[in-house]
Amino acid sequence: MDKFTTELMTALTTQHDLKEFFRQKLEDAINLLLERELTVFLDYEKWDVEA
């Protein structure tokens with residue numbers, strides 16, 4: 001969470017678009033969730049040799 005807080009504070013101080021900042025963070029979170037869901041569904045890691 002420290003990285004998120006730091007990036008948020010940087011965005012606030014440099015006056016970046018907060019809608020875009022949160023949209024990007026939400027996109028990253030959803031992509032990570034989908035990757036983890038796929039790993040659990042397939043029962044192996046993405047680059048696992050045994051699969």
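**Salt bridges and a surface patch**

Hi everyone, let's start with Glu20, which is partly exposed, with a relative accessible area of 37%. On that scale, buried is under 20%, exposed is over 50% and partly exposed is in between, using a 1.4 Å probe and protein chains only.

A quick word on the source. This is a predicted model, where local features need pLDDT of at least 70 and side-chain atom pairs count only at pLDDT 80 or more, while totals for chains, interfaces and linings use all residues. Residues are numbered from 1 along each chain as its sequence is written, and side-chain values use heavy atoms, leaving out hydrogens and water.

Back to Glu20. Arg23 forms a salt bridge with Glu20, and their closest N and O atoms are 2.7 Å apart. By salt bridge I mean a side-chain nitrogen of Lys or Arg within 4 Å of a carboxyl oxygen of Asp or Glu. Arg23 and Glu20 are separated by about one helical turn because they sit three residues apart in helix 2. Helices here are DSSP runs (H or I, at least four residues; strands are E, at least two), numbered from the N terminus.

Which residue does Arg23 also meet in a salt bridge? That is Glu27, at 2.6 Å from N to O. Through shared partners, salt bridges join Glu20, Arg23 and Glu27 into one network. Arg23 is partly exposed at 39% relative accessibility, and Glu27 is partly exposed at 34%.

The whole structure has three salt bridges. One of them pairs Lys25 with Glu7, at 2.2 Å from N to O. Lys25 is in helix 2 and Glu7 in helix 1, 18 residues apart, so this pair links distant parts of the chain. Both are partly exposed: Lys25 at 24% and Glu7 at 26%.

Now the nonpolar side. Met9, Leu12, Leu18 and Phe22 form a nonpolar surface patch with about 350 Å² of accessible area together. Patch residues have over 30% relative accessible area and no salt bridge, with nonpolar side chains joined within 5 Å and like charges within 9 Å; areas are Shrake-Rupley values with a 1.4 Å probe. Helix 1 and helix 2 each give two or more residues to this patch. Phe22, in helix 2, is partly exposed at 43%.

Finally, the backbone. Most residues other than glycine have a negative phi. Gln15, in the loop between helix 1 (2-13) and helix 2 (18-42), has a positive phi of about 60°. Asp43, in the segment after helix 2, has a positive phi near 65°. Gln15 is exposed at 72%, and Asp43 is exposed at 68%.
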